[in-house]
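Hello,

I am passing on the structure we discussed. Please look it over with the notes that come after it.

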Amino acid sequence: MSTIMTMRGFLTSSPGAPSTAVTSIGVACAAALVLPLLSLPAAAAPARPSEARAPGGTRSLPLAPLTRERVLGTAPEQGLYRPSGEHFSLVGVVWDDPDAELHGSVQVRTRSATTRKWSGWQDIETHNGDHGADPGTAERDARRVRGATAPLWVGDSDGVDVRVRGVGGGARGGHAAELEPPLPSGLRLELVDPGEEAPPEGSPADVPRTGLHMDAARAASAVNMDIAGFGVLEIPALGRPATEQELARLAGPVAAKPYIGPRPRIVTRRGWGADESLRERGFVYTKKVKAAFVHHTASGNKYTCAQAPSVIRGIYRYHVTGMGWRDLGYNFLIDKCGTIYEGRAGGVAKAVLGAHTRGFNSDSTGIAVIGSYGATKPPGAAVTAVARLTAWKLGLYGADPRGKTYLTSGGGNLYPKGKNVRLNVISGHRDGFATECPGKRLYAKLGTARSSAARYQGR
């Protein structure tokens with residue numbers, strides 16, 4: 001217990017409060033005392049052509065009724081058709097009220113910017129309210145927060161056709177008083193361009209464009225300086241002895257041999273090309289990490305591992321500019337090849353408060369496997385990466401991957417606010433909220449992840 005308490009003082013900024021905001025300016029100033037200003041990084045890591053990326057952007061387009069008037073017995077329907085002239089790789093639909101549910105279906109087809117051919121119709125997951133900040137928190141109650149579908153990765157596209165259709169008939173039994181729920185107001189299509197993945201050879205390094213961006217980029221790198229160099233593109237893997245030495249440095253001497261998995265390789269936010277000017281300044285922390293919730297992004301499986309950084313940039317932009325969150329919701333992401341990526345900013349070894357499991361974000365970390373795993377079996381490399389990451393991350397806080405823990409609900413559709421809930425230390429999203437996430441095929445692999453993580457910890 002003393003070890004955990006000692007670590008908490010180092011791994012979070014304020015151990016006495018459930019969540020504490022730390023200004024990025026303060027972190028950046030501390031970093032500036034140690035290293036020169038971040039023009040990204042002359043000494044910290046060699047520049048690579050993949051570092052230089054176009055900044056990307058988002059087009060938010062209002063949907064319109066597809067019929068002039070609602071006819072009794074037919075469902076409401078809205079949509080948008082843009083056959084050309086756009087540039088995007090990820091799509092989603094948002095609406096004004098984050099508490100409103102979209103009762104119906106969302107389908108999209110897109111035109112490839114390469115082949116100029118249209119895809120078939122694809123379904124977008126409409127039940128996405130189970131992700132997000134806890135009720136009553138500043139992030140959840142911000143006026144800019146919107147309701148939204150899951151994002152869908154469609155690849156490099158320049159045309160789009162979307163249709164949103166409400167459920168069932170226009171009325172139940174012909175009675176006007178029993179109309180089906182209407183579609184949410186303010187439906188908009190988000191077309192997300194994550195930025196160039198491979199810029200022309202000889203492009204300049206990704207130098208921050210403004211002073212604000214420079215401060216934010218510096219701060220995002222500085223919070224990882226407890227375990228990595230400033231401005232690195234990736235945090236390298238460590239063997240078990242080196243990981244135990246690092247834990248002793250972070251936590252102080254321990255009486256017994258610690259249970260912690262070797263630190264895995266983690267691609268930093270700078271490594272996957274995060275535009276730090278998008279997110280809110282500062283970082284928010286919880287007290288500790290008692291559990292890990294496993295998710296899937298529900299963004300589809302039609303991506304290559306080389307495209308994974310682009311997918312993450314797209315999800316990040318969708319979470320912030322489309323849904324109105326302070327930052328990317330997940331603490332970590334894992335692609336189908338097993339590469340681990342830093343998610344929400346604040347430091348990979350620290351107890352960063354995420355927005356991934358509504359009601360259970362405090363004292364937990366959220367890990368999302370990129371893809372949709374309801375009907376598709378998750379790759380073995382991704383399941384192994386979940387085990388390796390949890391063995392290390394949970395080991396920092398003395399948690400047993402095979403064990404149980406108690407978390408206090410912040411409010412949701414399974415447990416009321418304030419209820420003390422006993423959960424697996426490695427849980428699926430559906431264990432804390434009534435949802436399909438992380439998909440039944442990935443959920444079925446969590447037992448394997450638990451036993452493997454415990455073995456990596458030396459248990």
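Predicted model: local features only at pLDDT ≥ 70, side-chain atom pairs only at ≥ 80, totals over all residues.

Seven strands form an open sheet with mixed pairing, in the order β13-β14-β18-β17-β19-β16-β22. The edges are taken by β13 (234-235) and β22 (426-428); each has a single partner strand, so one side of each lacks a neighbour in the sheet. Within the sheet, β17 (residues 332-334) pairs with β18 (residues 340-342) through three bridges, in the antiparallel sense. In that pair, F332 stands opposite E342 of β18.

Helix α9. This helix, residues 446-456, lies across β16 and β22. Its direction makes an angle of about 165° with β22.

Helix α7. Residues 380-395 make up this helix, and its 16 residues should span 22 Å at 1.5 Å a residue; the end C-alpha atoms are 22 Å apart, which agrees. The helix is largely enclosed by the rest of the structure, because 12 of its 16 residues are buried. Among them are V383, V386, L389, W392 and K393. The buried set also includes the run from L389 to G395.

T286. This residue sits in the loop between β15 (283-285) and β16 (291-296). Is T286 buried or exposed? T286 has a relative accessible area of 2%, and buried means under 20%, so T286 counts as buried. A polar atom of its side chain lies 2.9 Å from the backbone nitrogen of D363.

Regards

Methods:
Residues numbered from 1 in each chain as written. Heavy atoms only, no water. Helix = DSSP H or I, 4+ residues; strand = E, 2+ residues; numbered from the N terminus. Buried < 20%, exposed > 50% of the residue type's maximum accessible area, 1.4 Å probe, protein only. Polar contact = N/O pair within 3.5 Å; in protein donor to acceptor, adjacent residues only side chain to side chain. Expected span 1.5 Å × (residues − 1). Pairing = 2+ DSSP bridges. Contact = heavy atoms within 4.5 Å. Axes fitted to C-alpha atoms, helices over the stretch in contact; angles between N-to-C directions.
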